[in-house]
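Please read the following briefing alongside the sequence and the structure, which are shown first. The notes after them are grouped by topic.

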Amino acid sequence: MPRLPRVKQELYTKGGIITERDPDFCIVRLRMPAGMISPAQMKGVGEIAERYGIDQVHLTTRQTMEFPHVDPSKLEGLLSELEANGTPLGAEREEIVNVTACLGSRNCKFGIIDSVGLAKKIDTEFFGKELPIKVRIAISACPNGCESERLNEIGITGIRRPIRDPGLCTGCGTCAHYCREKAIRVEDGIIVLAAEKCMECGFCIMPCPFHIIKGTDPQFRITVGGHRGRHPKIGRHLITVNTEEDVLRVVEKIIYWIHRQASTGSLLPEQLDELEFDTFKREIAALV
Ligand code: SF4
Ligand code: SF4
Ligand code: SF4
């Protein structure tokens, strides 16, 4: 005789509650923008897990945690304790799911933008918004792309272009040595930049012994239509913007565009041409 847990059925309709292989149990996924969690919250997660008989907590690819093998009759109490701990229920359906980010300029020496702060702002504005398809948003604070942001429906990369004063350059070649893309070469004592090879990582700026390479202000390169999983795709470049406010405006427009035009049942990369991506790109360029 199968067990019939007493559970409020509306709890099952929430994103973040996933039916387990054993359908008498479920998985509970948490919301953790940028994968950041304080020691106190982490302790709280551990204590809650123990109280609810969870012996293993799983760390997910989207920088959050999930509790496997949860008894659905205990969901109500579990969810309210998680909420009080500041680690509320996450998302996993056709909606905006946990926003991921690398540590960025707060901690990484290569970081160009504050990816963690931006992820939290995007989460506050858009997390859990229901859409025809699942939308993943990821942020890497430099073109090293540690967060594989271009393999997400919306990817954001921090970039910075080097600016040299050719009149002051000694042609020592130090910057060329540091450029991993071989985008700089010294010709007759003069630095030449191959713009098509430059990834705008800004790594050549700091090592110049004469401090004559300046960087542009940080910028945010936004891609759309990336995907991992069964059919990986790299997102297409949509626009590059100058401020976090511009990023939020563009993300809002992308979400509205998906909400209005995308259809359920196929992936965003497959739909981009049908959704008239190039027209959308021109519309976005006119807005920012
Ligand atoms: S993407 Fe860049 S800034 Fe982010 S962790 Fe990697 S190297 Fe650091
Ligand atoms: S910004 Fe990066 S890729 Fe471009 S020239 Fe400098 S080091 Fe090379
Ligand atoms: S490191 Fe500075 S001085 Fe040396 S080649 Fe590069 S820009 Fe010129």
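Strand β7 (residues 154–159) and strand β12 (residues 219–224) run antiparallel and are joined by six bridges, where strands are DSSP runs of E with at least two residues, numbered from the N terminus, as helices are from runs of H or I with at least four. This is a predicted model, in which local features need pLDDT of at least 70 and side-chain atom pairs count only at pLDDT 80 or more, while totals for chains, interfaces and linings use all residues. Residues are numbered from 1 along each chain as its sequence is written, and chains are lettered from A and ligands numbered from 1 in the order in which they are written.

**Sheet**
- Five strands form an open sheet of mixed pairing, in the order β5-β6-β7-β12-β13, two strands being paired if DSSP finds at least two bridges between them.
- The edges are held by β5 (100–101) and β13 (236–241), each of which has a single partner strand, so one side of each is left without a neighbour in the sheet.

**Ligand surroundings**
- Ligand 1 is surrounded by residues that include C102, C108, C142 and C146, together with F110 and N144; a residue counts as near if its C-beta atom, placed from the backbone, lies within 6 Å of the molecule.
- The shell around ligand 1 has seven nonpolar, five polar and no charged residues, with Ala, Val, Leu, Ile, Met, Phe, Trp, Tyr, Cys and Pro counted as nonpolar, Asp, Glu, Lys and Arg as charged, and the others, Gly among them, as polar.
- Around ligand 2 there are 14 residues, of which C179, A183, C198, C201 and C204 are the closest, and the shell divides into 11 nonpolar, one polar and two charged.
- Ligand 3 has 13 residues around it, with C169, C172, T174, C175 and C208 coming nearest, and its shell has eight nonpolar, four polar and one charged residues.

**Domains**
- The domain assignment gives domain 1 (9–84), domain 2 (100–156 + 222–287) and domain 3 (162–215), the bounds coming from an automatic or database assignment.
- Taken over C-alpha atoms, the centres of domain 1 and domain 2 are separated by 26 Å.

**Helix α1**
- Helix α1 (residues 39–51) has 13 residues and reaches 18 Å from its first C-alpha to its last, close to the 18 Å expected at 1.5 Å a residue, the expected span being 1.5 Å times one less than the number of residues.
- G53 follows α1 and has a positive phi, near 75 degrees.
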